[in-house]
Amino acid sequence: MVLLRRMYRPIGLKIKYPFMKKFTGIALLLLIIHLKGFSQTAPKPYGVLPTKGQLNWQQMEMYCIIHYGVDVYTNKEWGYGDEDPKLINPSQFSALQIVAAAKAGGFKGVVVVAKHHDGFCIWPTKTTEHNISKSPYKNGKGDMMKEYREACDKLGMQLGVYCSPWDRNNPNYGTAEYIKIYREQLKELYTNYGPLFISWHDGANGGDGYYGGKREVRKIDRSTYYGWDTTWAITRKLQPNAVIFGDVGPDVRWVGNEEGHAGETCWATYTPHAPEEGKKPGNGFVKDYEGTEGTHNGDYWMPAECDVSLRPGWFYHKTQDDGVKSPYTLLDLYYKSVGRGAALDLGLSPDPRGIVNEIDVKSLTEFGKLLKQTFAVNLAKGATITASNVRGGNKAKYGPQFLVDNDRYSYWATDDKVTAANVVIDLHAPKTFNVMRLRENIKLGQRIEALEVDAYINGKWQQIGTATSIGGNRLIRLTQNIISNKIRIRVTKSPVSIALSDIGLFKEPVHLTVPKIVRNKKGEVSITTEAPVSAIRYTLNGQDPTQSSPLYTKPFTVIDDGVVKARSFEGKSQKSDVTFISLGYAKADWKVLGAAAANDNGNRPENAIDEHPGTLYSTLQKDAAIYPQQITIDMGKAHDIKAFGYLPRQDKQADGIVDSYVFYISNDGKEWIKAASGEFSNIKSNPIEQPVVLSKPVNARYFKFEATRVIAGNGITVAELSVY
Ligand code: FUL
């Protein structure tokens with residue numbers, strides 16, 4: 001700089017000596033070069049930008065949401081609000097064990113459900129009697145939030161809170177008084193438990209509940225009732241670095257499903273569609289969930305969070321012990337959430353003891369190991385990288401070497417006019433990889449719309465991957481190993497100059513494909529794999545298959561209910577994750593005895609018992625429907641019935657999904673006994689099979705499924721009914 005200043009000095013001087021003229025010319029030339037190049041300013045930020053809290057959230061990538069409360073003891077997903085606080089008496093509650101389980105999976109924090117829809121508070125709040133101080137836990141002296149805080153501090157994890165706006169216990173719910181109470185609850189949580197990284201506000205709102213004994217339906221207008229602007233002002237004041245999660249932000253948006261995946265293209269920015277509210281973020285302003293993709297160059301920085309439970313439900317149910325997601329399923333979800341710039345929020349469900357079950361801990365720990373193994377070594381480190389354009393020619397400031405340093409925000413940039421450019425990564429020797437990571441410096445906004453990746457194989461460039469909406473994190477999981485010594489990245493579309501900050505090449509350990517198990521109406525079970533494996537072994541006794549379990553050679557029949565587990569093997573040491581299917585009684589002899597009229601022949605009642613989740617029994621019609629509607633089944637012979645299951649439609653549509661039911665049984669098809677009734681909680685957001693365990697097992701040949709309410713549409717839809 002000193003040198004440059006000296007060189008330019010002559011320009012501003014009166015030329016006293018003729019020889020200086022020559023110098024002046026050179027200096028002018030240098031100045032032009034300098035202005036074009038070395039003094040080039042940083043790229044102008046593009047569109048809306050993340051806040052400090054959002055940057056922290058992005059870097060966390062993964063956290064767990066912990067559901068523990070009265071539902072664990074009543075076997076429900078949504079408590080009604082009339083549960084006795086005395087239910088909370090865990091024998092081994094340990095926040096440390098729970099947070100450690102999350103940490104073992106590589107998660108960076110926990111969001112604690114401090115109050116779920118049932119209204120029970122796991123901290124000694126002053127706002128309601130319905131809290132932990134009324135439970136036997138630590139003789140009413142317990143405070144689980146405090147224990148979580150201490151556990152997080154001990155383990156270096158971040159803490160967040162979930163305090164349900166909907167409260168089925170509170171007598172004031174639906175009135176202005178409740179809003180005061182809710183804000184008071186948040187204030188307690190914000191002031192007494194240290195710094196929080198997230199305040200999580202659920203979208204499920206209003207409906208039936210206990211409400212202080214009134215037991216009625218309370219409807220609220222979610223766009224006006226909560227007065228979110230005032231509530232968020234409290235969050236900003238008391239927890240300035242916390243992001244606020246809601247269906248539509250304001251800081252983090254819901255991805256729109258509880259399956260754990262974002263869209264293949266997923267923008268961190270979003271413009272909510274809310275004509276009546278003037279496109280504002282907020283819990284109540286969404287018409288349709290467009291959270292999966294977001295909006296290119298949207299009005300708000302509002303990246304997506306993918307919430308999904310490790311188990312089928314959010315709360316622990318013993319019957320779902322077989323349904324814990326496997327390490328590779330979690331890894332797959334990681335690519336589909338974190339790998340698409342979103343965050344993965346994995347549900348953990350402590351069991352009645354108050355700790356994360358051993359089955360869950362095992363899967364989490366193995367998943368954590370897989371992640372570590374995959375991302376331990378960035379094979380692009382040490383590479384020589386050349387770029388087709390460097391901003392102002394200033395390699396020291398904007399050169400491609402920043403793509404492989406450890407700083408997420410140092411970056412390679414191009415000139416303003418250059419919106420498509422390449423970098424070539426010379427690895428110096430052939431390297432084997434199957435995962436690529438790309439990141440932009442999001443402090444300058446989300447800029448890159450599309451890029452393509454080539455590898456130099458057999459003397460020529462071959463395209464191996466493409467990606468859209470790069471943003472804070474983009475992982476490309478390749479379908480096969482690539483062996484190459486040179487990689488090329490071609491940014492093909494960007495509205496402004498490029499500001500790419502990170503390139504990684506990684507090798508995910510090879511694993512065998514997991515088999516798929518299906519059963520047809522005749523009761524025949526077939527097990528297949530996508531790619532050939534040397535052996536598939538299975539069990540019918542609930543144990544995980546080992547090398548000595550029966551070898552699968554051809555379809556076999558399972559008439560009774562039970563669990564089929566399978567796993568692929570290669571050689572002596574390699575084995576896949578375990579997959580399973582919970583089977584009810586085979587439906588070979590089942591017949592429909594009667595049903596509310598189907599809307600057309602393609603949607604016949606028989607589709608409800610054909611073992612095809614894709615076919616529907618539907619009575620949906622244009623005009624308002626009358627409820628209840630029923631379907632009656634003759635199982636051909638009497639069975640011991642412990643539970644039944646309703647599988648809602650699996651095509652992402654909500655019309656006709658039943659959320660309130662009665663289940664009858666009979667031995668002659670004439671005299672009916674009510675065996676169960678209730679609601680299918682959370683079926684809208686998480687449309688998985690709804691298992692209902694009967695209060696006591698019964699023996700019957702006939703059953704009748706009665707729908708008393710649906711979540712949308714006129715009529716009912718049933719993908720499948722099963723009996724266990
Ligand atoms: C949903 C709730 O209704 C579920 O019970 C659960 O808490 C999940 C994380 O959010 O919308």
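Glutamate 150 is partly exposed, at 45% relative accessible area. Partly exposed sits between buried, under 20%, and exposed, over 50% (1.4 Å probe, protein chains only). A quick word on the source. This is a predicted model: local features need pLDDT of at least 70, side-chain atom pairs count only at pLDDT 80 or more, and totals for chains, interfaces and linings use all residues. Residues are numbered from 1 along each chain as its sequence is written, and side-chain values use heavy atoms, leaving out hydrogens and water.

Back to glutamate 150. Which residue does glutamate 150 form a salt bridge with? Lysine 146, with the closest N and O atoms 3.7 Å apart. A salt bridge here is a side-chain nitrogen of Lys or Arg within 4 Å of a carboxyl oxygen of Asp or Glu. Both residues lie in helix 6, 4 residues apart, about one turn. Helices are DSSP runs (H or I, at least four residues), strands are E runs of at least two, and both are numbered from the N terminus. Lysine 146 is partly exposed too, at 46%.

The structure holds 42 salt bridges. Take aspartate 454 and arginine 488, at 2.9 Å, N to O. Aspartate 454 is in strand 16 and arginine 488 in strand 18, so the pair ties together parts 34 residues apart in sequence. Aspartate 454 is buried, at 2%.

Now helix 10, residues 358-375. Its buried residues include Leu364, Phe367 and Leu371.

Note on methods: The expected span of a helix is 1.5 Å times one less than its number of residues.
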